[in-house]
Amino acid sequence: MLLSQQDVLKLGMGAGNETAVAEFILEGFSGLDQRLQLFLSLILLLMYLTTLTGNTMIIFLVCVDHRLQTPMYFFISNLAFLEIWFTSSTTIKLLVILSSGRRTISLKSCFAQSYFYVALGFTEFALLVVMSFDRYVAICQPLHYAAIMKQQLCTHLVVAAWVLGFTLLSYRLVLLSKLTFCGPNKIHHFFCDSSPLFKLSCSDTTLLWKADSIFISFVVLGSLCLIMVSYMCIFHCILHMPSASGRRKAFATCSSHLTALAIVYGSCIVLYARPSEGVSLETNTIVALLNTVLYPFLNPFIYSLRNKTVKLALEEALGRPKVWLFPRS
């Protein structure tokens, strides 16, 4: 007896939370020529390895060099640790897709990737707020910096950022696990992002759409406002510095930080803080690359590797002759 398509779908869904779809196909960059995909994979591989090396180096130097064991570098080392996992959550699968053409991903892997991507992103926003507060205290309250930014407070702030990021987003994993997928299984992206994943579900995703939209908008725009308030206060303090060289140095440091913030917040606002219908698939993919590949790649250079103290620590760690940039205490 022949079954209609609707009957097949009903049988595939079965009872409860069973689903007919066992895996998804990630369609990101599928329109590119095979040679162009291979070339792009080599570029991304080089950027990924550089990201891993740079961030691992920062963590190592902060751990072994006493000059870098300050609140600022403590936060930077945590950000470096986070960036390793954040970029790995999407880039490894993207490299497999571009180099071998294996585009399938299981449901559980897809849900896990979606959860870690958002949870690590939330944690990063929280760390960026903490780092902007640290810079505000260092520049605007230098005499009270040591008294305010004690090791205990720094540890509590970092732990709070990590715990909140992963516990508050646990609702997502629960709701994702309850979704059923009984139709098309092609995700028009290079990773399991929220919007294309929800559109494939034959369950009611209204609650997930609303929760994600409200929560992500609150986190992105809320943290951005806090950071901008901190930097407005910092710029006000810089303008009142008596030394012209001190003002130039502070402005140069802040401008590089703001460039990095513009990349991460600009990409997130385009992707998540506006209606998804207003963004084309190609724009989504390119902007997501800025967020998942370019920003983690630039972070070590922006926050640490241009710093003279870090350069000196790196030279000593590599066994080069010591050139003292500062007088010994």
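Start by selecting the three strands, which form an open sheet of mixed pairing in the order S2-S1-S3. Strands here are DSSP E runs of at least two residues, helices are H or I runs of at least four, and both are numbered from the N terminus; two strands pair if DSSP finds at least two bridges between them. This is a predicted model, where local features need pLDDT of at least 70, side-chain atom pairs count only at 80 or more, and totals for chains, interfaces and linings use all residues. Residues are numbered from 1 along each chain as its sequence is written, and side-chain values use heavy atoms, leaving out hydrogens and water.

Next, colour S1 (residues 23-26), which pairs with S2 in the antiparallel sense over three bridges. Pick Ile-25 and you will find its bridge partner in S2, Thr-104.

Now show the side chains of Phe-24 and Phe-181. Their ring centres are 5.0 Å apart and their planes at 85°, so the pair is edge-to-face. (Rings of Phe, Tyr and Trp, the last by its six-membered ring, pair if their centres lie within 6.5 Å; planes under 30 degrees apart are stacked, over 60 edge-to-face, and the rest tilted.) Phe-24 is buried at 0% relative accessibility, and Phe-181 is buried at 0% too. Buried means under 20% relative accessible area, exposed over 50%, and partly exposed in between, with a 1.4 Å probe and protein chains only.

Move on to Phe-81 and Trp-162: with centres 5.8 Å apart and planes at 55°, this pair is tilted. Phe-81 sits in helix H3 and Trp-162 in helix H6, 81 residues apart.
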